[in-house]
Amino acid sequence: MHLSRSVLFGSAAAVVGAGAVCYSFLQGPADAQADRSFEFTISDDRVVPATDFAAKVSVIGSAITSGGVDMPVTMSVRVGDASHDLFGSSLDPVYGNLNDHSAARHVIIDEVFTQGDAITLAARSWTVDGESNHLTARTDSPSDLVHVLRDGDAVPDIAGFDGQASAEAFLRPYLNDDGTVDLDADQVIYLFELGETDLSNPAADFQDLVVLITLGDTPDDLRRRDLADIAAYD
Ligand SMILES: [Ca+2]
């Protein structure tokens, strides 16, 4: 078991196959004792690790309004056959609301999952009164309402609607100078449009919910990485 992923080498080329993009890379330990490969595929819009894994889910931001009033947004995370409401109940537009102008929030799921289990997200917007669902976008199949970004991908150049921050602004901590995303090879960002199905409408700004998924070997591995990141900013 390695303690650090500070040395990352061999972010290998993508292999484009039948509807799937495979990213394969070596994750190097600081002590160089436990080299291992870590593979996952993005199949349709699902993350499918090829080894046992843990996952951290980060809500980077959310911005969606109707008539200038914030609409509630909730999300559930499915891994394999189990659903996880990591940020309050996904069925509760009050206590599960993510569109609350908070800073980014992160949850490491305290479980090791089995290789091949797919990670999928279901993001939902609600009418401003919370009485009913407005739109739900899922990542278990290709959806026009979802953009999936990996390291080096360009962020869609779309202004935020109604004075909202743009998707690019939400992703600023994760951007290269050229505007592409700067992620580790075991990270994926999802941009959700939850307001408008007519994507030519300026309201379709793809930052109604912005989510980052980070994969690791174990929950402890992910916690150590968080501690290493905090130490890096001391
Ligand atoms: Ca929006």
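Four bridges join β14 to β15, and the two strands run antiparallel; strands here are DSSP runs of E with at least two residues, helices are runs of H or I with at least four residues, and both are numbered from the N terminus. Two strands are taken to pair if DSSP finds at least two bridges between them. Between these two strands, H147 has L191 in β15 as its bridge partner. On to β16, the pairing of β15 is again antiparallel and comprises six bridges, including one in which L191 has V210 as its partner in β16 and another in which F192 is partnered by L209 of β16.

This is a predicted model, in which local features need pLDDT of at least 70 and side-chain atom pairs count only at pLDDT 80 or more, whereas totals for chains, interfaces and linings use all residues. Residues are numbered from 1 along each chain as its sequence is written. The mean pLDDT of the protein, pLDDT being the predictor's confidence in each residue on a scale from 0 to 100, is 84, and 83% of the residues reach 70 or more. Over residues 1-37 pLDDT stays under 50, and for that stretch the model has 56 contacts beyond four places in sequence, a contact being a pair of residues whose C-beta atoms, placed from the backbone, lie within 7 Å.

In the protein as a whole there are two helices and 16 strands. The strands described at the outset belong to an open sheet of five strands, ordered β11-β6-β16-β15-β14 and paired in antiparallel fashion. Because β11 (105-108) and β14 stand at the edges, each with a single partner strand, one side of each is left without a neighbour in the sheet. From one strand to the next the twist averages 20°, with axes taken as lines fitted to C-alpha atoms (for helices over the stretch in contact) and angles running from 0 to 180 degrees between N-to-C directions.

Five of the six residues of β15 are buried, so this strand is largely enclosed by the rest of the structure; a residue counts as buried if 20 or more other C-beta atoms, placed from the backbone, lie within 10 Å of its own, as exposed if there are 12 or fewer, and as partly exposed in between. Buried residues make up 34% of the 234 residues in the protein. Setting aside neighbours within four places in sequence, I213 is in contact with V47, A55, V57, I119, Q187 and V188. Across the protein, 64% of the contacts with a separation of 6 or more are between residues 24 or more positions apart.

Two loop residues deserve a separate look. D44, in the loop between β4 (36-43) and β5 (46-49), has a positive phi of about 55° although it is not a glycine, and with 17 C-beta neighbours inside 10 Å D44 counts as partly exposed. H101, in the loop between β10 (82-84) and β11, is likewise a residue other than glycine with a positive phi, near 65°; H101 is exposed, with 8 other C-beta atoms within 10 Å.

Key. Contact = placed C-beta atoms within 7 Å.
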